[in-house]
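Hi,

Here is the structure I promised to pass on. Please have a look at it first, and then read my notes below.

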Amino acid sequence: MSSRTLSTTASRTYWLGRYLERAGSITRLVSVNANLLMDLPTKLQLGWLPLVEILANQDTYQTLYVSPNSHEKSVTRFLLSDTRNPGSLISVLTYARENARTLRGTLPRAAYEHINDAHLYAQESIQEPLSRTRRSNALQHVVERLQHIDGFLSATMLHDASWQFLRLGNFIERADMTTRIIDLRSSNLLSAQSTLAPFSDIQWRSILNSLDAMQGYFISRQNPINQRDVLEFLLKNSELPRSLLRCFSTIRNCLRSLPRNTEPLKLINRMRQQLQRARVRNLENEKLHRYVGARQKQLSTLHQKITHTYFPDA
Amino acid sequence: MAIQWQDYPADKTWDELICPSGRARKGVTGLKRMLGALDDDELKERKYAAELAIRSMGITFTVYSGEQSGTIDREWPFDIIPRLILKTEWDHITKGLIQRVKALNCFIDDIYHQQRILKDGLIPRAYIEKSNDFRPECMDISPTHDTWAHVCGSDLVRDDDGKLYVLEDNLRVPSGVSYMLENREVMKRVFPELFTTNVIHPVNDYPAELAKCLRSLNPNSTSAPQIAVLTPGIYNSAYFEHTYLANAMAAELVEGRDLEVGKDEYLYMRTIRGLVRVDVLYRRIDDTYLDPEVFNADSTLGVAGIMRAWRAGKVALANAPGCGVADDKVIYTYVPDIIQYYLNESPLLSNVPSYRCVEKQHRDFVLDNLDKLVVKPANESGGYGMLIGPKATRKERNQFAKQIRANPRNYMAQPMLNLSTAPTLIDTHAEPRHLDLRPFILSGASHYVSTGGLTRVAMRKGSIVVNSSQGGGSKDTWVIDT
C-alpha cells in the first residue's frame with residue numbers, strides 16, 4: 001500500500017464516500033416512505049415531515065416552505081431537487097461530483113464519468129412537476145446508478161489507502177443513517193395498546209425496506225416481523241450490510257490497514273465490543289432513543305478522530 | 001466520394017505529405033494509398049472510432065468559458081490523418097534542438113552569475129533588466145548540472161520553401177506532451193493495420209525519460225528521490241496533463257496546500273502518514289505564483305518558503321525559477337548569437353528573421369510594414385496579444401502601432417510565414433490545413449528529445465492559429481524509417 005497518500009486525497013475520497021452513501025439513503029428513504037403511506041390509513045398522519053427530521057434541517061425546511069399545500073410535494077422537492085437545501089439529493093450529488101473531479105488522478109478514469117452521469121440524470125429526471133409514477137421510476141434509476149458506481153469502484157480501483165478512506169466514508173455515513181432511521185421511526189411508532197396496533201408492523205416493515213433488509217430478515221430469521229427481532233437484526237446482525245455491527249466491523253477493518261491508526265482504532269474497537277455485549281431487544285421508547293443517540297455521538301467522535309489523524313488541514 | 005487525391009491542392013503552400021505534382025512525398029505512399037481506398041462510410045467510421053477513443057480515454061482540455069462555472073472540459077480535437085517526418089530529417093532536428101537548449105541553459109546560468117554576455121556587449125543590459133521574466137531573486141543560485149530549463153517545448157514551423165524554423169522556445173511551463181502521447185494511443189486504436197506495415201518510431205518512452213531527468217536533479221543523498229508534480233488545480237487548462245504525467249511517472253500530484261517547508265528548510269508533503277520529504281518538484285505553475293514570501297504575496301497556489309528551500313539546495317525545482325528570461329521573444333532574436341557565443345558552433349536550426357521594436361531602425365521598419373508582419377508581445381503565450389498584420393483591419397493595425405510606440409521593449413515582429421500544410425479530414429475529404437510542431441527537449445544529467453512531438457493544426461481554412469485554446473486541433477506525428 002502506498003504510504004504516500006496525500007492528506008487532501010484522503011479527505012476527498014472520504015467525503016466522496018460519505019456523499020455517495022448519503023445520496024443512496026435519501027433516494028431509498030423517499031421511495032420507501034411513499035410506499036409506506038400507501039399502506040397506512042390516512043387518519044394516521046405520519047406523512048412526510050419525519051423524513052425532513054432524518055435527512056435535513058427542519059428550520060431550513062420551514063423557512064423555505066411556509067405553510068405548504070401539500071407536504072408530499074414540498075418535502076420531496078426539498079429533499080430531492082432543491083439546490084437551496086445542502087442536504088438534498090441534487091446538492092449531495094453535486095458535492096460528490098466535485099470531489100470526484102479533483103480525484104481524477106486517484107480514481108479510475110471512468111469513475112468521474114459515471115458519477116457525472118448520475119448527477120446529470122438526477123438533474124434532468126427529478127424536476128418539477130414530478131408525478132408519483134415518474135418520481136418512483138427516477139428514484140429507482142438513481143439507486144441503480146449509485147449501485148453501479150459502488151460496484152465499479154470496488155472492481156476497478158486499487159484497494160489501497162484511498163480505497164480504505166472511500167469505504168470509511170461509506171460506512172460511517174451508513175452507520176449514522178441506520179441509527180437515525182431506527183431512532184426516528186421508533187419514536188413515533190404506534191403503541192401496542194392503540195387500536196391501530198395492526199399497523200405497527202407496517203412501520204417496522206418500512207424500516208427494513210429503507211435499509212434494504214427485508215429479504216435478509218426473512219432469510220436469517222424464522223419469526224414474523226416484530227419489534228424485538230427487527231431491532232436485534234438491524235443493530236447486531238453480523239451479516240446484514242447495513243446493520244450497525246456490520247458497519248462497525250467494516251470501519252474497524254479499514255482502519256486496521258491504515259497507518260497511525262492507534263487512536264481511531266481504539267475507539268472503534270470499544271464501540272464494537274459495547275455493541276456486541278449490549279442487550280438491545282428490549283429497548284423501547286425513551287431508552288431506545290437514548291441508546292441510539294449515544295451511538296451517534298460515538299460516530300461523530302470517531303469522525304473527528306479520523307479527521308484529526310489523517311487530514312487536519314484539509 | 002471519399003478522399004480524391006487528384007483534387008487535393010498541394011501546390012499552394014508547402015505540404016508535408018503531398019508534393020506539388022500531387023505525388024506522395026517519400027515514405028507517404030502507403031498511407032496515401034490506404035486513405036484513398038477508404039469509402040465515405042469507412043472514413044466516418046474511423047473518425048467516429050477516434051472520437052469514441054478520446055471520450056472513453058477521457059482526453060480533455062479545459063477552456064475558460066466565462067460562464068458561471070468559469071471553465072469547461074472539452075474533448076481533445078483530433079485529426080485522423082497523421083503527419084510524417086523522415087527519421088533522417090528528425091535526427092538532424094534532434095541535434096539542432098539539443099544544441100539550442102544547451103546554449104539557452106548556458107545563457108540563463110550566465111545571466112544569474114557573471115553576466116559575461118552582457119559585459120561583452122552582445123545583448124544590451126537593459127533588455128534583461130526590463131524583462132518581465134528576469135528574477136533578481138535567482139542571482140547566484142547554482143542548480144544541479146548548471147541546468148535551469150529541464151523541460152523545453154520548442155515550436156517548429158516550415159515555410160513555403162520547405163525550410164524549417166524555430167518559431168519560439170517555451171521554457172517556463174510548456175504543455176502538450178500528454179496529448180502527443182495520447183494521440184498515438186488513439187491512432188493505434190483507429191488504424192492498427194498501419195502500424196504493422198510502417199516502421200513508426202514509438203513515442204511512449206517520454207514519461208520514463210522525464211522521470212529519469214527529474215531523478216538526475218536530486219539534490220539530496222537518497223537513492224530513490226521523491227518526485228512530485230505541482231499543479232495549480234483542476235481549473236487549469238493543462239490539469240489533464242498534470243494528472244497524466246504524475247500517473248505515468250508514479251509521482252505524487254500535489255497542490256500548494258499539500259506542501260510545506262519545514263524549519264529545516266526541506267520541502268514536505270502532508271500525507272496520511274505525516275510529513276514526507278519531496279526531493280524534486282516538477283512544478284507546473286508560473287514563477288510568480290511559486291512562493292508568496294518572494295513573489296506574488298496573494299498567491300494561494302504556491303508554497304511559502306519554497307524559494308528558501310531551493311536556494312539552500314534542499315529541493316530541486318523543474319524548471320528552475322527565472323528560466324523565462326530566455327523565453328522572452330526579444331531574447332529569442334539573439335538565440336543564433338547565443339549559440340555561437342557559448343558553444344562556439346553555428347546554429348543547426350534557423351531562427352525566423354525578426355525585428356526588435358526597441359531598436360529605432362527596426363521599429364520604423366515594423367511600423368511602416370505592419371500590414372506584412374506578425375507582431376508579438378515579448379512575454380505572452382498561447383497566441384494571445386499578437387497582431388497578424390496581413391489579416392488585421394487598418395483600425396486594429398493603428399491601435400497596435402500605438403501600443404508598440406508606448407512600450408517598444410515589449411514587442412518584436414516577424415514576416416508572416418506561410419506555414420506548411422498537411423491533408424486534414426474535413427467531412428469526408430482531405431483539405432490542406434496549416435500546422436506546426438512542438439517537440440519536447442529534456443535536460444538533466446543528459447539530453448533527450450521526444451520522438452516527433454505534438455503537431456498542432458489550425459482546423460479553420462486558411463487560419464494559421466494552431467492554439468487549442470483558439471480552435472486548433474492536433475495530429476499524430478510519425479517519425480518513420482524509409
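Please keep in mind that this is a predicted model. I'll begin with a contact between the chains: Glu255(B) and Arg12(A) form a salt bridge, with their closest N and O atoms 3.7 Å apart. By the rule used, the interface of chain A and chain B has 1 salt bridge. There are also 7 residue pairs in polar contact between the two chains, counting pairs with both residues at pLDDT 80 or more.

Which helices of chain A each bring at least two residues to the side that touches chain B? They are α1 (7-39), α5 (89-102), α6 (109-125) and α8 (161-187). Of these, α1(A) gives the most, with 4 residues. Sorted by class, the side of chain A that touches chain B holds 9 charged, 7 nonpolar and 6 polar residues.

Now for the interface as a whole. On the chain A side 22 residues are in contact with chain B, and on the chain B side 29 residues are in contact with chain A. Together the two chains bury about 2,200 Å², and 46% of that lies on carbon and sulfur atoms.

As background, strands of a sheet pair through backbone hydrogen bonds, either parallel or antiparallel. Here β15(B), residues 373-377, and β16(B) are antiparallel and joined over 2 bridges.

Back in chain A, is helix α11 (residues 227-236) mostly covered or mostly open? It is mostly covered, with 8 of its 10 residues buried. The buried residues include Val230(A), Leu231(A), Phe233(A), Leu234(A) and Leu235(A). Charged side chains are on that list too, namely Asp229(A), Glu232(A) and Lys236(A). The N-terminal end of α11(A) is capped by Asn226(A), which places a side-chain oxygen 3.2 Å from the backbone nitrogen of Arg228(A).

Enjoy exploring it, and write back with any questions.

Best wishes

Technical notes. Residues are numbered from 1 along each chain as its sequence is written. Chains are lettered from A and ligands numbered from 1 in the order in which they are written. This is a predicted model: local features need pLDDT of at least 70, side-chain atom pairs count only at pLDDT 80 or more; totals for chains, interfaces and linings use all residues. Side-chain values use heavy atoms; hydrogens and water are left out. Contact means heavy atoms within 4.5 Å. Buried area is the accessible area (1.4 Å probe) that two parts lose on being put together, summed over both. A salt bridge is a side-chain nitrogen of Lys or Arg within 4 Å of a carboxyl oxygen of Asp or Glu. A polar contact is a pair of N or O atoms within 3.5 Å; within protein, one must be able to donate a hydrogen and the other to accept it, and residues adjacent in sequence count only if both atoms are side-chain atoms. Two strands pair if DSSP finds at least two bridges between them. Buried means under 20% relative accessible area, exposed over 50%, partly exposed in between (1.4 Å probe, protein chains only).
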